[in-house]
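Good morning, and thank you for making the time. Please take a moment to look at the sequence and the structure, and then I will walk you through the strands.

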Amino acid sequence: MNLEQKLDRVVMHYEELRDSVAGHPEPGSEAYTRMLKEFADLTPVVEQIEALRSANREMDDLTALMEDPESDSDMRSLAEEEFYALKERLPELEHQVKILLLPKDQADERNAILEVRAGTGGDEAALFAAELLRMYQRYAELRGWRFEILDYSDTGIGGCKEASAAVTGKDVFARLKFESGVHRVQRVPVTESGGRIHTSAATVAVLPEAEEVDVEIEEKDLRIDTYRSQGAGGQHVNTTDSAVRITHVPTGVVVQCQDEKSQHKNRAKAMKVLRARLYDQERQRQADEMAASRKSQVGSGDRSERIRTYNFPQGRVTDHRINLTLYKLDKVIVGEALDEIIEALIAEDQAERLAALQ
């Protein structure tokens, strides 16, 4: 099927949806809501298709004007100028249509659970993990997202052993999903008297938030332990067993939450993380099956893959998946320039998926 045939099918389906929405006997029903969402999702696609087709029609009209022997020279010259200007715009219009036609990741519109863990490098790795968490928190603020810490285990000197947060807002997972993997830092630690550059690492995992309907979790499959929340240096934050650790016995997945003073709230937050982990496992399994013949480097979600290096002495950040280097580490680490990397990753992912469809 060529591109024009694909566009015809999309437009035809859109028109059928429009008629169905207009004449639906049960506005407000679940079927109607689903139909309305699909119609809304298709609207920008059809608008882009119309822009492309309008440009093609205009080019045909300009060609006819240029070839008309009765046109005066000024008119032909103007038509020729407009023709070549449109011809330059056409590939971009066509590219935008193809991007919009790419199959959507159904999780892109979801909120996300962000997890950060200190890796190799001791205290320096924990300090870097805390910095990464602050980077994402600042980035979320800049995009108008809500950033809620679910669990935080500190080292007592400002470092973070591990932490999880719920990020809520528009297109959260679509923008953060490429952050999963190993982040490496190269710098002279504050504790290093000799001034030698050390390399440390932290792992980031971004999971799409799961609804209860996405993952069926049976109570009998859970082992729930409660304990007292611990503060820095082992001090008790409170004197009740409010912290919660949940083990999903069939998979061995363990989650914990001690951020709230209420055991009930900690359990609810831990269950949110557990659902996201189990949902992500199932997504990974399906993705592995579908992509067995093609391994995409961008967005593979491999937690063990080294994806980015933050080199403080040189002030640079390098994303190894797309060989992108920015000499603005100071702006990236506070979330301000993180979008430049994310936009480049999204563009590369789209290019790979377009190439796979050829």
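Before anything else, two strands are said to pair if DSSP finds at least two bridges between them, and strands themselves are DSSP runs of E with at least two residues, numbered from the N terminus. Please keep in mind that this is a predicted model, in which local features need pLDDT of at least 70, side-chain atom pairs count only at pLDDT 80 or more, and totals for chains, interfaces and linings use all residues. Residues are numbered from 1 along each chain as its sequence is written, and side-chain values use heavy atoms, with hydrogens and water left out.

Let me begin with the open sheet of three strands, whose order is 6-7-8 and whose pairing is antiparallel. Its edge strands, each pairing on one side only, are strand 6 (222–227) and strand 8 (253–257). Strand 6 is joined by six bridges to strand 7, residues 243–248, and within that strand Ile246 is the bridge partner of Ile224.

Now to strand 5, residues 198–208, where eight of the 11 residues are buried, meaning under 20% relative accessible area, so this strand is largely enclosed by the rest of the structure. Which strands pair with strand 5? Strand 1, residues 112–118, runs antiparallel to strand 5 and is joined to it by seven bridges, with Ile113 standing opposite Leu207. Strand 4, residues 181–187, also pairs with strand 5 in the antiparallel sense, over seven bridges, and there Ala202 of strand 5 is the bridge partner of His183.

Definitions and conventions. Helix = DSSP H or I, 4+ residues; strand = E, 2+ residues; numbered from the N terminus. Buried < 20%, exposed > 50% of the residue type's maximum accessible area, 1.4 Å probe, protein only.
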